[in-house]
Amino acid sequence: MSNKQTKVTSSHWGAFKVITEDGRITGVAPFEKDPDPSKISESIPAAVYHRTRVARPSIRKGWLEGTPQDRATHLRGSDEFVELPWGEALDIAAAEIDRIRKTHGNGSIFGGSYGWSSAGTFHHARSQLQRFLNVAGGSVSTFASYSTGAAQALIPHILGMEYYQFIWHQHNSWKMISENTETLIMFGGINPKNSQVSMGGVTEHETKGWLDQFLADGMRLVNISPLKTDAYEGAEWLPVIPGSDTAMMLGLAYVIETEGMVDQDFIGRCTVGYDRFKDYLLGKTDGQPKTPEWASEICQIPADKIVELARRMGKTRTLITVAWSLQRAQNGEQPFWMAITLSAMLGQIGRPGGGIGFGYGAIGGVGVPMKPLGRLGVPMGENPISDYIPVARITDLLTKPGEPYDFNGEKRIYADIRLVYWCGGNPFHHHQDLNRLHKAFQRPDTVIVNEPWWTATAQRADIVFPATTPYEREDIGRASSDSYLFHMPKLIEPVGEARDDYDIFAGLADRLNHGDAFSEGRSSEQWTEFLYDRFYEDAARNGVEVPTLEELRIDNWVQLPIAGRNHSYAPFQEFRENPDGKLLKTPSGKIEIFSENIDSFGYEDCLGHPSWLAPNEWLGTASAQYPLHMVSPQPGDKLHSQMESALADVPDARPMPVTMNRADAASRGIHDKELVHVFNGRGRCLARADVSEAIRPGVVALSTGAWLQLDENGVDVHGNPNVLTRDQGTSKLGQGTSAHTAMV
């Protein structure tokens with residue numbers, strides 16, 4: 001008789017049921033509390049047992065046989081690996097870490113390890129790595145994320161708060177939008193596809209349901225994006241040229257200013273610097289008024305449409321939302337800053353259902369109000385090394401040791417990195433210009449990776465430790481934007497010789513004489529119990545009843561009484577009502593339309609007020625050689641590149657589809673589903689044509705997520721757009737990723 005069980009577990013794309021039989025995952029099913037469950041989990045059974053799992057500790061042959069002086073040969077990515085027993089592999093890795101830190105110092109170790117990794121709170125891979133490196137003397141770390149890097153640098157200057165504090169605590173809830181908003185202006189859209197995921201998970205997928213409600217209630221939804229599919233069916237579509245959103249916003253602002261729709265009371269009480277910006281808007285500083293006609297020439301939205309939309313915004317309760325994708329482009333700070341300015345001009349900030357919002361639809365948790373509770377994660381400790389880089393500058397870090405760069409008002413120097421330790425992420429998925437990154441990865445003495453699968457990053461490492469997946473260990477699932485709490489049981493035994501990241505780092509820490517500092521004498525099970533006890537006590541202090549860990553283990557999941565907080569609270573309401581008594585944490589205490597701080601930096605690519613700055617690559621610079629602007633949205637069938645191993649086995653699923661307008665396809669003799677080459681001076685990849693009317697002419701969309709796989713001619717055969725994207729910082733202020741600045 002088979003031993004069949006069904007348990008609920010948590011993930012970044014939500015809760016789902018896992019079916020096991022005789023100790024093997026055989027299927028998945030939706031969680032009954034989710035009104036719109038994601039299908040991402042359907043790939044789990046195939047991915048967990050996929051042939052690309054790392055079976056045993058593996059060391060690159062050329063590295064293993066070389067000396068410290070010649071190990072960094074140009075073989076990463078093409079060399080073969082030698083499998084070794086765990087003890088021997090850990091000895092070798094620990095000895096190399098010790099050699100590097102004694103010879104070059106801990107400032108030569110890079111432990112950025114950017115990635116979502118596991119949704120479990122204890123076995124979060126990056127947290128485990130940072131704790132290990134911190135007790136071992138520290139490492140060069142990273143600032144911000146690929147998703148929001150430019151915004152994370154900008155928002156503290158303009159609104160006086162950290163970016164994620166803004167999106168979690170100063171956003172209109174979906175219910176407030178439903179009850180108050182008359183016009184929803186969506187720069188970059190609000191895509192339910194992207195809202196499948198959220199950091200730590202989103203159990204009740206609400207975005208699609210709320211958009212249905214908005215349309216049914218007669219709200220006007222305007223999708224300003226080159227892709228019609230960036231917003232829900234039924235939204236009005238204005239197919240803007242990629243990278244030109246700031247110009248369109250300036251055209252709207254010109255109408256609002258010249259037709260007397262500026263809320264002068266709000267501007268006077270709650271902002272600083274509007275007069276400086278107004279001189280730019282009206283052309284007094286540069287000789288170019290930002291008229292609707294001027295904006296139309298740039299963004300290719302008719303001037304009369306810009307005028308009509310501005311007038312409606314001035315007469316109705318309007319919420320302006322901006323997708324994260326807009327700041328993942330050269331000058332990506334500008335549309336975020338300009339959207340804040342536009343909303344301030346309208347006087348909508350602080351009114352229910354009005355104002356500004358970033359990231360609705362980018363992740364599932366935005367717009368869902370929750371009472372905050374303490375975190376469950378493993379404490380990472382203090383990093384003795386203060387050096388860091390903006391997260392998207394990895395290639396520059398590896399290739400420009402000792403060279404200076406500007407970032408957010410500081411003059412910084414790139415460290416000389418000799419060892420890279422990666423755990424819980426795949427930079428050869430999410431970084432730009434992957435051919436350049438491949439060359440950069442040849443430079444360090446050593447690259448160590450913990451990874452369940454042979455990703456492109458693992459293939460370019462020297463030492464690869466096989467790590468468990470969330471289904472092979474016990475953990476707790478708890479998202480900060482969710483009211484659910486999950487016990488994530490160990491469902492199967494580890495595949496091959498995989499070990500938990502915690503046990504890998506504990507083994508290394510023991511060998512480096514930091515074992516007690518890393519583990520504090522606790523096993524992973526004891527850590528889970530210790531952290532949960534602290535969470536239990538913190539919840540009690542906040543008046544929230546949670547089950548004991550033993551009760552949670554029995555019940556599998558529980559919904560906590562923390563949902564629905566502040567459905568009636570308007571973001572910035574208290575500040576609007578009393579700006580002098582509720583000062584923001586900006587230098588002026590007000591919303592900074594003109595920032596003296598940013599202006600003092602003297603950056604030509606980020607002035608003291610929001611501005612139109614043309615990108616180096618966009619349709620305004622199109623050439624006969626590279627006439628198409630490529631955008632690279634998130635995939636709909638997975639989270640970034642997770643589970644790509646199994647999805648790539650689906651017939652005709654790889655290479656990835658590239659969406660192109662029917663006219664662009666016809667002019668090239670391309671038919672739907674046909675195999676095509678997409679290329680520019682940085683690289684080339686295969687893709688499968690998706691011919692559509694839902695994308696503006698001159699633009700193509702190739703989603704991220706494919707594992708990099710170069711053939712003998714250097715062509716990526718899976719369709720990874722990041723062999724084509726431009727590895728340049730958004731500006732000297734944010735130094736974020738400029739993935740959406742690419743002609744092909």
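In these legends, a residue is called buried when its relative accessible area is under 20%. All views show a predicted model.

**View 1. Buried residues of helix H11.** Within helix H11 (residues 274-281), the buried residues are Tyr 274, Phe 277, Tyr 280 and Leu 281. These residues lie on the same side of H11 because they cover an arc of only 120° around the axis. An α-helix has 3.6 residues a turn, so residues three or four places apart point the same way. The cover over the buried residues of H11 includes helix H9 (245-258), helix H10 (264-270), strand S11 (271-272) and helix H14 (333-346). H11 is followed by Gly 283, which has a positive phi near 85°.

**View 2. Phe 358 in the largest nonpolar core.** The largest nonpolar core has 157 residues, of which Phe 132, Phe 358, Tyr 421, Phe 465 and Leu 508 touch the most other members. When neighbours within four places in sequence are left aside, Phe 358 is in contact with Ile 155, Tyr 163, Phe 166, Ile 167, His 171, Val 322, Trp 324, Phe 336, Ala 339, Ile 340 and Val 366. A second, separate core consists of 52 residues, among them Ala 456, Met 656, Ala 689 and Ala 706.

View 3. Strand S4 (residues 58-60) is antiparallel to strand S19 (residues 463-466), the two pairing over 2 bridges. Ile 59 has Ile 463 as its bridge partner in S19.

View 4. Salt bridges link Glu 96, Arg 99, Asp 416, Arg 418, Arg 443 and Asp 445 in a network. In the pair formed by Asp 416 and Arg 418, the closest N and O atoms are 3.3 Å apart. Asp 416 is partly exposed, at 31% relative accessibility. Arg 418 is also partly exposed, with a relative accessible area of 22%. The structure holds 50 salt bridges.

**View 5. The salt bridge between Lys 638 and Asp 637.** Lys 638 and Asp 637 form a salt bridge in which the closest N and O atoms are 3.0 Å apart. Lys 638 has a relative accessible area of 2% and is therefore buried, whereas Asp 637 counts as partly exposed at 31% relative accessibility.

**View 6. The salt bridge between Arg 662 and Glu 693.** Side chains of opposite charge can pair when their charged atoms come close. Here Arg 662 forms a salt bridge with Glu 693, with 3.0 Å between the closest N and O atoms. Arg 662 belongs to helix H26 (residues 662-667) and Glu 693 to the loop between strand S27 (684-692) and strand S28 (699-702), so the pair ties together parts that are 31 residues apart in sequence. The relative accessible area of Arg 662 is 42%, which means that this residue is partly exposed.

Note on methods: Residues numbered from 1 in each chain as written. Predicted model: local features only at pLDDT ≥ 70, side-chain atom pairs only at ≥ 80, totals over all residues. Heavy atoms only, no water. Core = buried A, V, L, I, M, F, W, Y, C linked by side-chain atoms within 4.5 Å. Buried < 20%, exposed > 50% of the residue type's maximum accessible area, 1.4 Å probe, protein only. Contact = heavy atoms within 4.5 Å. Helix = DSSP H or I, 4+ residues; strand = E, 2+ residues; numbered from the N terminus. Arc of directions from axis to C-beta. Salt bridge = Lys/Arg side-chain N within 4 Å of Asp/Glu carboxyl O. Pairing = 2+ DSSP bridges.
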